[in-house]
Amino acid sequence: MNDIWILATASLVASSCALVGVLLVLRRLSLLGDAISHSVLLGIVLAYLVMGERSEMAMMVGAVLMGLLTAGLTQLLQKNPHIQSDVSIGVVFTSFFALGVVLIAIYAGQIDLDQECVLYGEIAFVPFDTVVWGEQSLGPRAFWLALAVFLINVVVIGVAFERFKLMAFHPLLALSLGLSVPFWHAMLMTLVSLTTVASFDAVGAILVVALLVIPASSAYLVATSLKAMMGWALVYAQLSVLLGYGLAVWLDSAIAASIGVMAGGLLLLTLAIQQLLKPKASQLNLS
Amino acid sequence: MADFEWVSPSAWMLTKAFWRFEDANALWVLIGSVLLGMSASVVGSFAVLKRNALIGDALAHSALPGVMMAFILFETQSPLVVLFGAMSSSLLGLFLMDWLPKNTKIKPDAALAITLSFFFALGLMALSYIQGLNVEGKSGLDKILFGQAAAMLPEDLMVLSAVAMGVLLLITLLFQKWRLITFNRQYARSIGIWVKAYDVLLALLMVLVVVIGLQIVGVVLMAAVLLVPVSAARFWHPQLAVILWVAAIIGGLSGLISANISYIAPATPTGPWMVLVLAGFFIFSFIFAPYQGWLVRRIRQASQRSPLHE
């Protein structure tokens, strides 16, 4: 039963990441996604410190605020002619992440977080922290969190699919059609932050990036439309979770890391197949 | 994570003890951190000026699996083995990052994120695998994630200092060439400079610096030490040589301060402290620097407002 809860949670987390990741990769915001997933740590730590206990709501709010702050602050810094976009991203997220880690170290006694779980996540312990309703146990807390965030992602992306599509492929047209580009950009950043919080428990702050970028990139290689790309990204994400879990059981290694490795492995496999099938330049000349 | 007293009189005592150099190991840590800060800032400057600021992040993350593989193969943490493992996997990461956008549809930014997260996942998987093994000498391997300067041995620090000095020396010797290449590649090529070789050499130096920085700053935050000093230094002066000097001073000072903090609070990771110190320097430069700081630009704008508009 525990295995099923772990797999279900991981699969929901990976699906959320895949959906949001597709939008990030298409809009060439992979690095901003990387930055937000790091900064969210600070939001979570501050939420812990302010509330004095673990509270999902506070974590969500803290993480989303920190995610939006990261996106906003990088944009603000880029207005300065002496700061390039990647520099602004690098300065902001490393500082936020460093502050988060230092706070964890200083308040080690008061926060139920440590560097281990920041890195690995605690997906193996997910089944032991359950939600209890009355007498009945309703299953792990992390599972419900992941499910809620997945539903939010599906609903928002479903409702605003055309808008996201337009922004991904033709941002200028979107602007000229009167679409509120800043609003939808902020919406995407909110989704990224929410997804990262839900993933934080399961896979840790850093491996979220693997789940955001790698399945979406694999899908980018094979898909020809946005819908297909999202579909492929979901398939790649599920495969990574299943194979990664198997790998972790086999090697007795961290589950989250193994999932990330499998996601990368699948990308490399896709690349290898594509390179082999690609017609050689010499053959093209002959025909 | 052990607890420690945050505000305590002993912190001041420890600071004084630190600066009296009573502890030989602490002195080595100080020298190592300062040299690392300086060399990383200088090498990082060229990457930032080439608009490739986050490459250091990817290189540092890709070093992790190499360190772990080297441990699995040789079961030792001696500095040269670590250096070798880290360098080989960093170079592999560099290659992947370069190859992906050139041969597939994947864009450079996604290639960087893919390399970074894939190699990091590999490294963490190997680390968790090692922790399940029954071998000696595996403790402390996880310290390279966030850095722990206080836990370093003098022999590690000697290797580190030697490499850092070598890097600084090489940059000083070849500064003219790199300056030319950074600002005008075409011209550099036309007067017969072998641009490609200098690019590769710079990438190699970067990998070296990243690798020696792992034990002090850690994998996760190494990027900051490469890119923040030069970004702050650009507010101080327009000239490259001066920028490099300012960056080196900022990097060295932050190494010095974080070595001090690491001595006072040995249980806390060094890397995050160093990054926070750097962030402080960045904010200060952003506001107060005399060339392009926020204050100066404000004053300049105010004085340039011509009376015609009134």
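**Close-up 1. Helix 10 and helix 11 of chain A cross in a right-handed sense.** The model is predicted. Helix 10 of chain A covers residues 226-251, and helix 11 of chain A covers residues 255-277. They pack at an angle of about 125°. Their axes lie 7 Å apart. The two helices are therefore oblique to each other.

**Close-up 2. Residues in the contact of helix 10 with helix 11 of chain A.** Helix 10 of chain A contributes Tyr236(A), Leu239(A), Ser240(A), Val241(A), Leu243(A), Gly244(A), Tyr245(A), Leu247(A) and Ala248(A). From helix 11 of chain A come Ile255(A), Ser258(A), Ile259(A), Val261(A), Met262(A), Ala263(A), Leu266(A) and Thr270(A). By class, 13 of the contact residues are nonpolar and 4 are polar. None is charged.

**Close-up 3. The largest pocket has a volume of about 1,300 Å³.** Its lining has 40 residues. Nearest the centre of the pocket lie Arg51(B), Asn52(B), Ile55(B), Pro108(B) and Leu112(B). The lining divides into 22 nonpolar, 6 polar and 12 charged residues.

**Close-up 4. The largest cavity holds about 90 Å³ of space.** The count is 1 cavity of 30 Å³ or more. Residues lining the largest cavity include Pro79(B), Leu83(B), Met152(B), Asp156(B), Val211(B) and Gln215(B). Helix 4, helix 7 (154-183) and helix 9 of chain B each give at least two residues to this lining. Its classes are 8 nonpolar, 1 polar and 1 charged.

Technical notes:
Residues numbered from 1 in each chain as written. Chains lettered and ligands numbered in written order. Predicted model: local features only at pLDDT ≥ 70, side-chain atom pairs only at ≥ 80, totals over all residues. Heavy atoms only, no water. 1 Å grid on protein atoms, 1.4 Å probe; cavity = no way out; pocket = protein on both sides within 12 Å on 5 of 7 lines; lining within 4 Å. Points joined across faces, edges and corners; volume = space filled by probe spheres on them. Nonpolar A, V, L, I, M, F, W, Y, C, P; charged D, E, K, R; others polar. Axes fitted to C-alpha atoms, helices over the stretch in contact; angles between N-to-C directions. Helix = DSSP H or I, 4+ residues; strand = E, 2+ residues; numbered from the N terminus. Parallel < 35°, antiparallel > 145°, perpendicular 65-115°, else oblique. Left-handed = near helix turned anticlockwise from the far one by under 90°. Contact = heavy atoms within 4.5 Å.
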